[in-house]
Amino acid sequence: MPENKYDLFDFDKTVYPYDSETVFLFYCILHRPYLIILGPWLLLNLILFFLGFGDNFKGRCFSFLRFIDGEKMAKKFWKKQQKRIYPIFEPQNRERPVVVCSASPEFLLKPICEKYKVNTLIATRMNPKTGKIEGFNCKDKQKPLRIAEAVPDAEFVNVYSDSIKSDVHIFELGEKCFHAKKGVLTEMSIEEIRGKAKKE
């Protein structure tokens, strides 16, 4: 097998059924109840972020990291959540080396990606002690830029994502495209992907 051949995975709602950073936020509040004091602030910024008002709101959502050990909590989080990872992502079910590219924080995905023997993790660079985003949120057009930076010689055989509109840019990188929904994969041509992306 050529050394530069990989499969490319999105993470949230592709191999894990939820938005991991949101679940992690509530997990931390549940296990560190004193964070509830920040509840209104966190909720407001979370809503504004998901409404598309800017990536700076994502960093504000994670400002709670100033009051906890984020990396330690991430490891504990995945010990509980690992059972929810879809079988398609199990190492024994993968044919070739894997690159994960996600908008979720790198420190959050690192423990589970190491556990699942991911070759390269590309995600939003966030300071786990402050929640501050370093650079840009790793989404949309940022994804192929980050991929080219991290694995410049990579050739992707299969690309997997739940989001056709947001991830059309990484679908473009693959020989085959697979739309993931609740752990079920549907192969689509890049022409179908482009057409649906324009309509959404």
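**Entry 1: strand partners**

I looked up phenylalanine 9 and found its bridge partner in β2, valine 100. The model is predicted, so local features need pLDDT of at least 70 and side-chain atom pairs pLDDT 80 or more, while totals for chains, interfaces and linings use all residues. Residues are numbered from 1 along each chain as its sequence is written, and side-chain values use heavy atoms, with hydrogens and water left out.

Two strands pair if DSSP finds at least two bridges between them. β1 and β2 run parallel and are joined by three bridges. β2 also pairs with β3, again in the parallel sense, over four bridges. Here I found valine 99 with its bridge partner in β3, threonine 120.

Next I checked the handedness. β2, α5 and β3 make a right-handed β-α-β unit. Right-handed means that, with the strands pointing away from the viewer, the path from the first strand over the helix to the second runs clockwise.

**Entry 2: what is covered**

I needed cut-offs for burial. Buried is under 20% relative accessible area, exposed is over 50%, and partly exposed is in between (1.4 Å probe, protein chains only). In β2, seven of eight residues are buried.

Which residues of helix α6 are buried? In α6 (residues 142-150) they are Lys143, Arg146 and Ile147. They lie on the same side of α6, because they cover an arc of only 105 degrees around the axis. The arc is that of the directions from the helix axis to the C-beta atoms. On the face turned away from the buried side I found the exposed residues Leu145 and Glu149. I then listed some of what covers the buried residues of α6, including β1 (5-9), β2 (98-105), α5 (106-115) and β4 (155-161).

**Entry 3: empty space**

Rolling a probe the size of a water molecule over the atoms shows where empty space is left. The search uses a 1 Å grid over the protein atoms alone. A cavity is a set of points where a 1.4 Å probe fits but cannot get out; a pocket is an open set with protein on both sides within 12 Å along at least five of seven lines; lining residues have an atom within 4 Å of a point. Points are joined across faces, edges and corners, and a volume is the space filled by probe spheres set on the points.

The largest pocket holds about 520 Å³ of space. It has 22 lining residues, and Asp19, Phe50, Ala103, Lys139 and Ser166 lie nearest its centre. β2 gives the largest share of that lining, three residues.

I counted one cavity of 30 Å³ or more. The largest cavity has about 60 Å³ of space. Among its lining residues are Asp19, Leu25, Phe50 and Cys61. α1 (20-31), α2 and α3 (56-61) each supply at least two residues of this lining.

**Entry 4: loop residues**

Lysine 13 sits in the loop between β1 and α1. Its phi is near 65 degrees, a positive value in a residue other than glycine. Aspartate 140 is in the loop between β3 and α6. Aspartate 140 has a positive phi too, about 50 degrees, and is not a glycine.

Glutamate 134 lies in the loop between β3 and α6. Is glutamate 134 buried or partly exposed? It counts as partly exposed because its relative accessibility is 43%.

How values were computed
Contact means heavy atoms within 4.5 Å.
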